[in-house]
Every structure is written in C-alpha cells, then in structure tokens.
Number of protein chains: 2
Amino acid sequence: MRVVIDWSATRLEAALVGGADDVVDRIGTDDGLKRAAGRHEAILDAALAPWRRTHGSLHILAAGMVGGRSGWMEIGYVPAPASLADIARAARHVALANGDRLTLIPGLCDPAAPPFPDVMRGEEAQLVGHGLQRDAVVVMPGNNGKWARIGGGRIAGFRTFVTGELVALLLAHSGLAGIAIRSEGRDWRAFARGLECAAGPDRHGLLTRLFTARTGWLAGQLAPAEIGDYLRGLLIGWEFIEARNAGLWLPGGTLDIVGDDDRVDDYRRAAEGLGLTARVAPDDTALRGALAIGAESMLLA
Amino acid sequence: MRVVIDWSATRLEAALVGGADDVVDRIGTDDGLKRAAGRHEAILDAALAPWRRTHGSLHILAAGMVGGRSGWMEIGYVPAPASLADIARAARHVALANGDRLTLIPGLCDPAAPPFPDVMRGEEAQLVGHGLQRDAVVVMPGNNGKWARIGGGRIAGFRTFVTGELVALLLAHSGLAGIAIRSEGRDWRAFARGLECAAGPDRHGLLTRLFTARTGWLAGQLAPAEIGDYLRGLLIGWEFIEARNAGLWLPGGTLDIVGDDDRVDDYRRAAEGLGLTARVAPDDTALRGALAIGAESMLLA
C-alpha cells in the first residue's frame, strides 16, 4: 500500500492510499521535524506500524520540508521549466530497514530569478496534483507563497512572495502587536479596506502603505479588532499588485488558487475584488501530486 | 535655564542649554516612558533636581513620544504644510508643581496621505533644527522613518516608511532569525549586494525580493554573517526605489539626511550608491529645533 506523508516542522501527517487512489485511513502526530532530529526513521516506523501490520511493507511518498536542509534526507531542486517526468526522474528511492520503501520528491528551483534561484518544496507536488495539462497561472498562498506559470505541460517558472510570513510577523511582533485585538474568523469589511489601500492610486509603495494600519488606528478609523484583517487585505492585495506588475495577471483574467487552509478564501476574495475570475482547486492537490509523481517514478525506474 | 528632553520608551535624556544655545550639561536615566506611567512629573522633577538647585526654575522643551498617545500628555498634530510659526503656535505650555515650565511640541500630520493622515512626532523638531529656509528633500532614517519636502519656508508634506521596523522584525523573528549571524559593524559589501538587488531590473517587487536573503543562503552565495547587512541594503535600497517612484528624487539630485544614529551612514551609502549627492546634517537637529520652536512660541505668546 502507498502512504503519502506531510512532515512539517511541528506535525507528521500520513494518509494510507488504496488501489483506486482513495484515502482509506489517516493518522497524525506531533512528532514534527523539529523534534525528530536523529530519530526520523524510528518515528516513521512507529507511526506507520499499525498499517504495516495489516498491509505489509509500505511505499511512502514524501514531498516538502522532509527533503530540505533541516529535514531528514536532503534532496536537491529540479530546475524549471520542469515536467512531471523531470520531477519523477529526480525522485530518490530509499529502502528502509523495516522493509518499507521511501520515495523522496525533489523540490523545484527557478534559475531565472535574480540574483539567486528561487525555490519551492512541496508546492511542486501541489502543482502536479492540480494538473499540468492546461496552461494557467496558479497562486499557492503560504508563509512563503508561490505564483507559478503552467505552460506546455510543464511548470514553466515561479516566484515566491513572503506575504504570509510578514502578516504573522507584523501582528505578533511589530508596533501593531500591542494595539491589534485578535478576533475569530475574518472581518471581510476590514479586509476589503486593506485591499482597497493596496490597489489605490497613491504613488507610494508597500513600505509607506504598511504604516496606514497604524495611522488608521491613530485617526480613529480602524478599531483594534479590525487591524489584523485590514493588514491581511493590504498585504495580500499588495502581493496581487506586485504580481500584476510582473505580468502574472490582467484584470478580466483567470487565476487558479491551490491550497488547503483558510488563506485560500483570502486569496479568492482578493482576486475577485481586483477583477479576476478565481478558480479554487480541491484541497487534496498535494496528495494527488505525490501519487502521480510516485507512479511516474515507478514507470521510469 | 532651558532644558531639552528626549523621553523615549526606554530612556529619558536631558540637555541643559546655556544662554548662547550651548549645551552645558547632559543627564540620562533608564526611566523611559514605559516605566514612568502615572509618575511622569515626579520622575522629571527628580531627574532635573541638580540643575534646578543650581539654576532655579527650568523651562523644559519636549518633542516626540512624550506628547503621544502612550506618552505623558497627549498633544495633537499640526497639519502640513506647516511653518515654524504654525508649529510654535500649537505648542502647549504647562506650569509644573515645582515651578518649572514645560513646553510640549506638537506632532505633524499630512492630511494628503491616503487613506489616513500620515503622522510624525519628534521629526518636526529635527526638520526645524535642520532649517526650513532652503527647499530640500530630507530623509530621516528610523523604525518608521520619514521623507519630507521642505518648500517655501514650510514643511510641505511627508511620508513614513516602515523600513527600520521591518529590518529588525525579519532579523529577530522571521525564518532568517535561525540562520543569520549577527556581526559587529557593517559588512558594506553585503550591504551593496542587497542594494543592488533592490535596484535591479527584475519586474518583481519587495515581497519577492525579500525572499532572496533566504535563497542566497540556500544557494551558498550569502554567508550567515552577511544576511543581516544584505537585508539592510535590500530594504533601505527598496525604500529609495519607492521614494523615487513617488517623485521624491531623481538620479543626480541632492538628498539631505537627518538623524543621530548609525543609520545615517547606511542612508548615505544607499544614496551615493544610487547616484544621489548626500548632504548629512549635524546630529543635533532635534535639540536645535526644540530650541527654535521654544523661542518662537515665547515670541508668539
């Protein structure tokens, strides 16, 4: 049986996949990469033991951080443009002591990014799961989110935007941290006002607009409970403006949104607010992509 | 005798000024505004007691945070464009219980900033100290640094850039915090590489370029000890690019730099690296400005 794992800094999630590519069971533990140092194989062996007892040796497919510099086994980056076969060919197959087989999926780099190659790890599986057949521009929200171009059956290129990380940093540690009040859910009105500030005709850029979260509060125009979503709308909106300036979209166009958390809805609202048609992908693209890359790598082996 | 105070969140600094506007003594304590809540007058009374014993009642001049929302006595903002007389007229004079006289200098706002008025507190005194006679564009580096236009004897307008705060946040709390190694002094070569990345012809903006501090490290092109100054050069450089896009400077022009810490040198290097002539002001503009506003407010009283 195949198992697709998602091993992040703080969690180990695994899905057991049946013959029809159907998920038949799931497990999750708090044994993230941070606490797994030096014990990766033992932790994985123990976590998957129930499935191994029932189904015998497992074929484990892993993309993302587990193959990064602070992961388990470092695997390099395939340069874009890259097809499914290019990625599958670079996958690394490891025979584990317990008889399981581990397939590590490589990351992707874009050597055309100046001055250093841009990188992704895990998003390449999401893009494959989303499909490379149709030409598209795909945004994948995240701490270090990606905008990728799909063209001619390949991932043609991509760039990273540090939007999610900045939102979190500003709300947790900046001068706004002492003012903003966290609230449940989104205040979409505050989000829209932030988006409007990003898209407004001011000649000034992000470094100036970011200060409006404070001046709005000083002017009595932004309540403490509105600051978080105003800032989220402003930064996500500004990501769209930067992406537009880079030629990634035009008003009236279509944007594919790929992700599996509540940021997908933020990006859908931003896209629609800026005149784009948003196409939201199912939330299991990472799993679908890992299976597809695993299958292709078997064919090529 | 006059005393100019600089009361920040963490420090209280005071300068005793003689008849020829000469500083004859200085004191400083760790009784910043943060720990002074509810005890401002007593703390100031005690800190200045030695001078009061020698010279009698003092005339205390104060600009900056002390008049802000989390300061001692809140004083509003004078709207730009504003002359020395406009600022002096809005100053607030308070008779303290011990016989001292306190003159609170107001902040400045720029109502033309969308969507909320931009604000400064303390920098208006620096600008007055620098001089309003000559038309100029003045940059004042800081956590929330300012670019101001001086024209027709007035502070014509200004905008805030959150550059300094972002540099500090990213190095202390982002994914870079675990990688970057702090070093003494500046690595000007790393700073210049960051500046070059900011000024480079990539169509992508700040949210993408910020990720290069990480990709440079991943590519083995940026050493951990270089990341801090690379990021500093990148963000300060990007502030200049945004300021240029907003029409604040053109290559071949002249920029006045006003400040009193080592960021002045960062901005001088950035200005010169981008083809500007930098004019660095003396580091006592805040004191000179407070004295000038105090004197003018006496004339108007």
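This report describes the domains, sheets, helix packing and chain contacts of a predicted model.

**Domains of chain A**

Chain A is divided into two parts: domain 1 covers 2-132 + 284-300, and domain 2 covers 163-280. Between the C-alpha centres of domain 1 and domain 2 of chain A the distance is 32 Å.

**Strand pairing in chain A**

Strands of a sheet pair through backbone hydrogen bonds, either parallel or antiparallel. Both senses occur among the pairs described here for chain A: E4(A) and E7(A) run parallel, whereas E6(A) and E7(A) are antiparallel.

Strand E1 of chain A, residues 2-7, is joined to E4(A) by four bridges in the parallel sense. Within this pair, A:Ile5 has A:Ala62 of E4(A) as its bridge partner. Strand E4 of chain A, residues 59-62, is in turn linked by four bridges to strand E7 of chain A, residues 101-104. Two of the positions in that pairing can be named: A:Ile60 is bridged to A:Leu102 in E7(A), and A:Leu61 is bridged to A:Thr103 in E7(A).

E7(A) also pairs with strand E6 of chain A, residues 92-95, over four bridges. Here A:Arg92 is opposite A:Leu104 of E7(A). E6(A) and E7(A) make up a hairpin, with five residues between the two strands. In the turn, A:Gly99 has a positive phi of about 95 degrees.

| Strand pair | Sense | Bridges |
|---|---|---|
| E1(A) and E4(A) | parallel | four bridges |
| E4(A) and E7(A) | parallel | four bridges |
| E6(A) and E7(A) | antiparallel | four bridges |

**Two sheets of chain B**

In chain B, five strands form an open sheet with mixed pairing, in the order E12-E11-E10-E13-E14. Strand E12 (154-161) and strand E14 (277-280) of chain B are at the edges; each has a single partner strand, so one side of each has no neighbour in the sheet. From one strand to the next, the twist averages 25 degrees.

At one end of this order, strand E13 of chain B, residues 254-257, pairs with E14(B) in the parallel sense over four bridges. B:Thr254 has B:Thr277 in E14(B) as its bridge partner. Helix H5 of chain B, residues 123-130, packs on the sheet. H5(B) touches strand E10 (136-140), strand E11 (145-151), E12 and E13 of chain B, and its direction makes about 135 degrees with that of E10(B).

Another open sheet of chain B has three strands in the order E5-E8-E9, again with mixed pairing. Its edge strands are E5 (77-79) and E9 (118-120) of chain B, each of which pairs on one side only. Neighbouring strands in this sheet are turned against each other by 30 degrees on average, direction ignored. E5(B) and strand E8 of chain B, residues 107-110, run parallel and are joined by three bridges. In that pair, B:Val78 is bridged to B:Leu108 of E8(B).

**Helix packing in chain A**

Two packed helices are described by the angle between their axes and the distance between the axes. The axes of H10(A) and helix H11 of chain A, residues 263-273, come within 10 Å and cross at roughly 65 degrees. The crossing of H10(A) past H11(A) is right-handed. H10(A) contributes A:Arg232, A:Ile236, A:Gly237 and A:Phe240 to the contact, and H11(A) contributes A:Asp266, A:Tyr267 and A:Ala270. By class, the contact has four nonpolar, one polar and two charged residues.

**How the two chains meet**

In the contact between the chains, 40 residues of chain A meet 40 residues of chain B. The elements of chain A that give two or more residues to this side are strands E9 (118-120) and E12 (154-161), together with helices H6 (163-173), H8 (206-209), H9 (212-218) and H10 (227-245). By class, the side of chain A that touches chain B holds 17 nonpolar, 16 polar and seven charged residues.

Two copies of a chain are related by a rotation about an axis and a shift along it.

How values were computed. Residues numbered from 1 in each chain as written. Chains lettered and ligands numbered in written order. Predicted model: local features only at pLDDT ≥ 70, side-chain atom pairs only at ≥ 80, totals over all residues. Pairing = 2+ DSSP bridges. Contact = placed C-beta atoms within 7 Å. Nonpolar A, V, L, I, M, F, W, Y, C, P; charged D, E, K, R; others polar. Axes fitted to C-alpha atoms, helices over the stretch in contact; angles between N-to-C directions. Left-handed = near helix turned anticlockwise from the far one by under 90°. Domains from an automatic or database assignment.
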